[in-house]
Amino acid sequence: MTDNYDVALVGAGHNGLVCATYLARAGKKVLVLEANTEPGGCAATREFAPGYSVSACAQWLNQLHPTVARDLALENHGLQWAARELASISLDVDGQHLTQRGDYVEGGNITAADSAAFRKFHAKTTRYAKLLARAFEARAPKLVESNLTDRLTLIKLGLGLKMMGRDDMSDLMRIILINMYDVMEENFDNAQLKGLLSLDSLLGSHMGPRTPSTVFGYLYRRVGEVFGHAGHAQVKGGMGALGQAMAASARAAGVEIRLSSAVASIDVDAGRVTGVTLADGEKISAGIVVSNADPITTFERLVGLRNLETDTARRVSQIRCTGGTAKLHLALNGLPVFTGLQERQLGQRLVIAPDMNYIERAFNAVKYKEYSTAPALDISIPTVHDAGLAPAGAHVLSAIVQFAPYAPQGGWEAHRETFTQLVVECIARYAPGIEQQIVASELLTPADLERDYGMTGGHWHHGELGMDQVLMMRPFPGATQYNAAFDGLYLCGAGAHPGGGVMGLAGRNAAREIIKRGAAA
Amino acid sequence: MKKYDAIVIGAGHNGLTNAAYLAKAGLDVAVLERNSYIGGATVSRELYKDWTYTNCSYVCSLLRPEIARDLELPRHGLQVVPYGGGVTFKRDGDYYGNYYDHNRQYREMSRHSKRDANAYERYTADVMKQTRLIRPFLLKRPPDPTSLKLRDLRDLADFAGSFMEMGERGLADTLKFWTKSVGDYLCEYFETDVIKAHLGGSGIIGTALGVFSPGTAYVLLHHYMGDVDGNVGSWGVARGGMGAVSGALAKSFQAFGGEIICDADVDRIVVRGGKATGVALKNGDEYHADVVVSNLDPKRTFLDVMDVQDLPAEVVSKAENFKIRGSSGKLNIALDGLPTFHGLDKSSPLMLGDMHFSDSLERIERAYDDWKDGTWSKDPYVDMLIPTQTDPSMAPPGKHMMTVFVQYAPPKINGGEWTDADKDGFEKSVIDQIAAHSPDFKDLILHCETRTPREIEAEVGLTEGNIFQGELTFDQLLFNRPFPGYAQYRGPVQGMYMCGSGTHPGGGVMAAPGANAAREILHDLRKPSTVPGGYADD
Amino acid sequence: MTTGSDDTMMLTTPFHSRIAAACELNSWGDWMGYTTPNAYTDVELEYFAVRNAAGVFDLTPMNKYRITGTDAEAYLNRLVTRDVSKIGIGRVGYTVWCDEAGQVMDDGTIFHLAENDYRICAYARATDWLHWSALGFDVTIEDETAEVAALAVQGPTSCAALTAMGLVGLDQLKPFGLTEFDFEGEPLVVSRTGFTGDLGYELWIAPHKAEALWDRLFESGEPYLIKPFGTHALEMARIEAGFLQAGVDFMPAEEVVRNGRSRSPFELGLGWLVDMDKSVFNGRRALQQELARGSRYRFAILDVDGNKPANHSFILKGNKQVGTVTSAAWCPTAKSNVAFAQIEMPYGAVGEELVAEIYYQRELHWTRVLAPCKVIDAPVFSHPRRRATPPGNF
């Protein structure tokens, strides 16, 4: 038995590190246990071929909450930016690319009417995103068994809604549950613009543009702008550097981080946690255990469903958490050439989503556990801004691929080559000749992401961001305010409110909840 | 030209209900109907000699019993007969059937899965909880959450109150139910494909969504919240076809002194000085009235029979953005005898109910993919009924009438209009699907009427042939139906109202929109309401 | 492929040929989809057969589930409120199980047949819940309702009648014990359990031996005045003995549609079945809260004045309605008028005097009676032979 900690925190992902830092600052003795050799979780840099590194999961930083960044003083702990305020460019096979930066769009034969409509749409959705941001900054209120804190949050949100004015309020209530496809059709004509925005609404999700609740997904992303991120940003050294900076900040606050220390179980007795047991058998006792792992991993693997009541076990088993997103990494011997794209534009965010039906068809496949034959892509060439990620003169291309199933018929090994080839061909339609530049490649399927980064189902958000699994429903009823099933057991990861994306809010909110409950925790 | 107190445009069931309640309050009311017959989509027609086709809506459950009783519809000739049964045929030759008797239903389900058979009991209880929550609001106008009026605040408090009563856990179940796809919802209970497919169909009927589209669990509820004689969730046929419903409503209306004018094709609602003053017909006739009520769907109402000049710009854009998607078609077939279906005895009570051939959710979802791609489903989902097994009045003895509701059929084929060749292709995909399970089916066909969204729109006037006058998705329910700010039956012009299925609580031959609208009209006219309140659920 | 609507027709138990022959009244009911006799000859006479000699009841339709596997005990311990590890091999335990809100889903008995081998008998169908509860456990769950035929033999001469049938040594079986005999080459499991509150046994056998068992039982039992009895007589006996009936005295929690209509074990007077020392079991968190906050209801056995059964009565305290009756009967052996009631807290403590508002009808004439009643601390029927081993000579 190791000496007593106040808090044992499972997983040094970004939310875990944020949570640990706040807890340590509040005077708790915190031990963070991480299975991998590096901290950061999904905020990781991965050397996928000798000399070639890339952000393994998330590749853009565009949602980190400013308070979290400030409180953790990340820039003092080594965080550097390779590029900020990047634009999104929706690629066109014929080179008529459409560029979006904030509320401004150009190219892609956009009409003046569409540009104006987009400005208006952007302003309106920013107002909606602000309201959502407020909801994200607090724990999700309970509705019936609400206490004072919950009622205050509800009143704040209610007032925020009312203050928006009648038109905005009724419009928000109308669109919040519906799909991007319809809202896009209501607002715009330009197919590329509609494709780009609808892809934003469903990245990392198991949804198509026609899936109701994708408007919520879009606003969810737009919250990043409310948090001060004008466009996408790229971290120097890859996302792993963010993880390192957070770990450094945590250590500075007094957090002890143990790497290569996989937790085998979260131990419980008579309705409360007692500590954790490591894979090597070491037992660590702690009155509070915080899990940064996804809810399914936490309850199914670490706590064990047999230690939960049946209703809770059932809810855990019913969490929708099947990923549909893959990641392709290409090591290139030179900078690729995209038709109609100037070299300076290659460092922007490049998107292949020519129209909404294209994405919808890509999504159709994954519904039946097949991969998209014409996938939608979110591409980054990080070496444009950060040469250190590849050998001199060489480059790295990283693409988020929608959609790839978690478990295709026959298993991934039967399809890995074909699918990699297919995605490369898809890119090559926009960047002819890129095939010849490829030195090495790596495809991370949802199954790979699950294995390497511990995300059940390979789902980026630790659980689908559907309306049935967000806000006061996240991750599942009975576990919505970070504490779940046992006294002293908390969730602080993307599976908890508000959800995935490198925001840091789940970690911060969880820490606040733990601190507030104090000894009662 | 004669001046009426009120004119109702469209003699569908909601128009007639609305008119009946206004006439009952002593108003001088006329209903104008474009066709030479009344009923709208609640109609029985002899399209083949000696056969009565219930050729649009075909079954009855949602019709509010309070209204049927209050307007004395039974005395005016309406008899609703429950039918029971129902079956989904599997590709492997087996089937899954639906029995009325609880224990027999359990045994039938147990043939497929004992676990599912038991889970069905939990499922039924859980769905009943949601049904009980929504039913009291069917005969009420939806509160406006943006309003600060006393009446709205009170209604809103009522509404919130019934949610709170469910408790934290119950409320979570409700939120889950209202936001989930019917497919995901059913997967939380059942393991057997055919059972999920049989139950899941109710989540998409009349809706341009797939079984895995969030929000469809609510559509399922919409099909469960009716009752026949207090048996919630049970369905029946109207003796003589659905025309019996509109026929009885018409007689009730006429008994209150109302007037029905057929072949009266309304060109526009006349607005003078910001007030509705009457309607002008295509033939030039004009009728005057202080109150004009549209039973047409919101698109037709605001974009067709009203002048853009008379409307606030936001109403025009809201009407343009209103989702009223054609997603279904219909085949009405006269049969020389009762067809034989593989594996099922002709005398089986399962034959009396709704029959389907989609034995997995995936097949239904793939049918939806075709719709998204702008074509009819090659392997469609059908909801098929042979009402002449229950109703002896609709076909000669020994002969039968079959109604086949088909999903999906898009309003346009790849962006273009339906052609006759498309219609034939659509018809063939349905007939072939049925024939694959019934060896003698094709030989028994005497006559087949095929209705794509094109025909439904042209004849009944439902935009895109949408049977609910607008999608039953959350952006278009309750205080959002048809659109925010106009969900209390009042139009944007004084004296102009809406009473169709495009208003709360939506479609499905409920007659509630018509009754609720009448209550609001009478409220504005400062007349005592003639509309009954809903029965309290026990 | 199996098809056929015949599978869905009303079921009969393996004893049906014998029951049909004995059922002179031809009065049938539906129990879980099985044709079951309400009464054979006369309800009163059947009831007295149970209390005075031996009665035989076909309980085959009772839902029976077999739980096997290395985690069987741990699984059951998480499922039910009692400590299952205290039910040794060859023992039977009565228990309830709850949902997460601590509301009773059902009551039933757990038979510990062998190591890692249990049978659970339940009023309601439980396949779905048992399977959900198996997440995380290495167990196999099998619905063996149709694979096991069962008879209850209840009453003072039951031991003698069964011994006469060849079950030698049965008198050594303790209450809630179970043992196995050979019956014509087939194992016959006998447990000393029942639903009548008297000396009695339950017999469990493969369906193909059911008729033979019935025949042998009635042949050997004849000198002991053995008689079959139906559900109506059972109802009288179980009320007299103070036994709750699921679906009558409480609603299985999963079937409850209206919030608040389910009950916790404490509210049903079954708190003695709840072992809060167990680290985890379904309902534990909620029941702990209930213990801290107090219950909403109290289960009360009422001794009602007069001889009019208080079925469906309201229970009053002064002018205030404080409860309702769930079961009621005139008890012929105890000569008392008993009612089970759900009383709102804080009313219904033992010894409290309340009033039952009874409505009864004679020759179409309805009468309202305000009958004083008193909460009693134990069932009105209890005989020492129920607990004695050997039970002695009737």
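Student: Which domains is chain B divided into?

Tutor: There are two: domain 1 covers 3-42 + 62-79 + 239-322 + 471-524, and domain 2 covers 81-235 + 324-463. Those bounds come from an automatic or database domain assignment. Before we go on, this is a predicted model, in which local features need pLDDT of at least 70 and side-chain atom pairs count only at pLDDT 80 or more, while totals for chains, interfaces and linings use all residues. Residues are numbered from 1 along each chain as its sequence is written, and chains are lettered from A and ligands numbered from 1 in the order in which they are written.

Student: How do you know which residues of domain 1 and domain 2 of chain B are in contact?

Tutor: Two residues are in contact if their C-beta atoms, placed from the backbone, lie within 7 Å. By that test, 34 residues of domain 1 of chain B meet 27 residues of domain 2 of chain B. On the domain 1 side, α11 (298-303) and α17 (512-524) of chain B each supply at least two residues, and α17(B) gives the most, with four. Helices here are DSSP runs of H or I with at least four residues, strands are E runs of at least two, and both are numbered from the N terminus.

Student: What makes some residues of that domain 1 side of chain B nonpolar, and how many are there?

Tutor: The class follows from the residue type: Ala, Val, Leu, Ile, Met, Phe, Trp, Tyr, Cys and Pro are nonpolar, Asp, Glu, Lys and Arg are charged, and the others, Gly among them, are polar. Sorted this way, the domain 1 side that touches domain 2 in chain B has 14 nonpolar, 11 polar and nine charged residues.

Student: Why is chain B called as compact as a globular protein of its length?

Tutor: We set its radius of gyration, taken over C-alpha atoms, against the globule rule, 2.2 Å times the number of residues to the power 0.38. For 538 residues the rule gives 24 Å, and chain B has 22 Å, which is close, so the label applies. The C-alpha atoms of chain B fill a box of roughly 65 × 55 × 45 Å along the principal axes. Chain B also holds 17 helices and 20 strands.

Student: What makes a group of residues a nonpolar core, and which have the most contacts inside the largest one?

Tutor: A nonpolar core is a set of buried Ala, Val, Leu, Ile, Met, Phe, Trp, Tyr and Cys residues joined through C-beta atoms within 7 Å. The largest has 335 residues, and A:A8, A:L9, A:V32, A:A510 and B:I7 have the most contacts inside it. Apart from it lies another core of 117 residues, C:F57 and C:Y297 among them. In soluble globular proteins, nonpolar side chains tend to be buried together.

Student: Why is A:K369 called partly exposed?

Tutor: A:K369 has 14 C-beta neighbours inside 10 Å, so the count puts it in the partly exposed class. C:L225, with 17 other C-beta atoms within 10 Å, is partly exposed as well. A:K369 has a positive phi, near 60°, and sits in the loop between α12 and β16 (376-380) of chain A. C:L225 has a positive phi near 60° too, in the loop between α6 (210-221) and β13 (226-228) of chain C. Most residues other than glycine have a negative phi, and most peptide bonds are trans.

Student: Where does A:P498 lie?

Tutor: A:P498 is in the loop between β19 (489-491) and α16 (505-517) of chain A. The peptide bond from A:H497 to A:P498 is cis, with omega near 5°.

How values were computed: Buried ≥ 20, exposed ≤ 12 C-beta atoms within 10 Å, placed from the backbone.
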